[in-house]
Amino acid sequence: MRITSCRAEDLDPIEEVLPSPSAVSYHLQRYARQVAGTSTFLVARLDDDRPAGVCEVRWNGCAAPEVRAVVADCPEINGLHVVEALQSRGTGSALIRRAERLAAERGRRLVGLGVDDHGNPRAAALYARLGYRPTVRYLDRYSFTDDAGVEHPVEEPAVFLVKELGPHDRS
Ligand SMILES: CC(C)(COP(=O)(O)OP(=O)(O)OC[C@H]1O[C@@H](n2cnc3c(N)ncnc32)[C@H](O)[C@@H]1OP(=O)(O)O)[C@@H](O)C(=O)NCCC(=O)NCCS
């Protein structure tokens, strides 16, 4: 398995295996943030180049004011998703490790991610195993646009988890 940053030509294959919930492509939005320099959009690929999973490292951190008030200067790993048939093979862990390495190489000392700790216990257990600690509860606010073009705001209770990076995370 290889992990690289997303290229424009990767977007259709990613959309095919991890479809966005509406006509507005989440992956295109992530790619646009990478082009703007505020994110790195990572793609894990199988040996035949098919995408197996993705995540976005948001260098400006979590947008929620509750998180920003408590954890300053902490890039956020967002939108971690592995193709269902390919889960439990280490892909999610490898994407997180790569994000941590990129953060350490940029001299960042913390990295964090949000999880719905009641609704997603498997992901929460994985993050705990990888050294992420619950730091602040917040409302994850985002919106999605339905196929008719109507935008729907969403608010979901979440916990922001933080990990301290050390020198070993650069290698
Ligand atoms: C959460 C998620 C990203 C984890 O991805 P993953 O690729 O399955 O993660 P990993 O394989 O690294 O680790 C998960 C499991 O595989 C095991 N594992 C890790 N490396 C492994 C390997 N080389 N071989 C077999 N199993 C392995 C882990 O022990 C862990 O065990 P579990 O299945 O009991 O939880 C994935 O389940 C997913 O996309 N879920 C849907 C979207 C989602 O919830 N995203 C998170 C939002 S916060």
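A polar side-chain atom of Arg122 sits 2.7 Å from an oxygen atom of the ligand in this predicted model, a polar contact being a pair of N or O atoms within 3.5 Å. Arg129 also points a polar side-chain atom at a ligand oxygen atom, at 3.3 Å. Gly90 contributes through its backbone instead: one of its polar backbone atoms is 2.7 Å from an oxygen atom of the ligand. On its own the ligand has 930 Å² of accessible area, and the protein covers 65% of that (Shrake-Rupley method, 1.4 Å probe).

The shell around the ligand has 18 residues, where a residue counts as near if one of its heavy atoms lies within 4 Å. Ser88, Gly90, Ser93, Asn120 and Arg122 come nearest. By class the shell holds six nonpolar, nine polar and three charged residues; Asp, Glu, Lys and Arg count as charged, and Gly is among the polar ones.

Four elements, β4 (76–82), α4 (91–105), β5 (110–115) and α5 (121–129), supply at least two shell residues each. The largest share, five residues, comes from α5. Helices (H or I, at least four residues) and strands (E, at least two) are DSSP runs, numbered from the N terminus.

Helix α4 also contains Arg101. Arg101 is partly exposed because its relative accessibility is 29%, between the limits of under 20% for buried and over 50% for exposed.

Residues are numbered from 1 along each chain as its sequence is written. Local features need pLDDT of at least 70 and side-chain atom pairs 80 or more, while totals for chains, interfaces and linings use all residues, and side-chain values use heavy atoms, without hydrogens and water.

Methods. Polar contact = N/O pair within 3.5 Å; in protein donor to acceptor, adjacent residues only side chain to side chain. Buried < 20%, exposed > 50% of the residue type's maximum accessible area, 1.4 Å probe, protein only.
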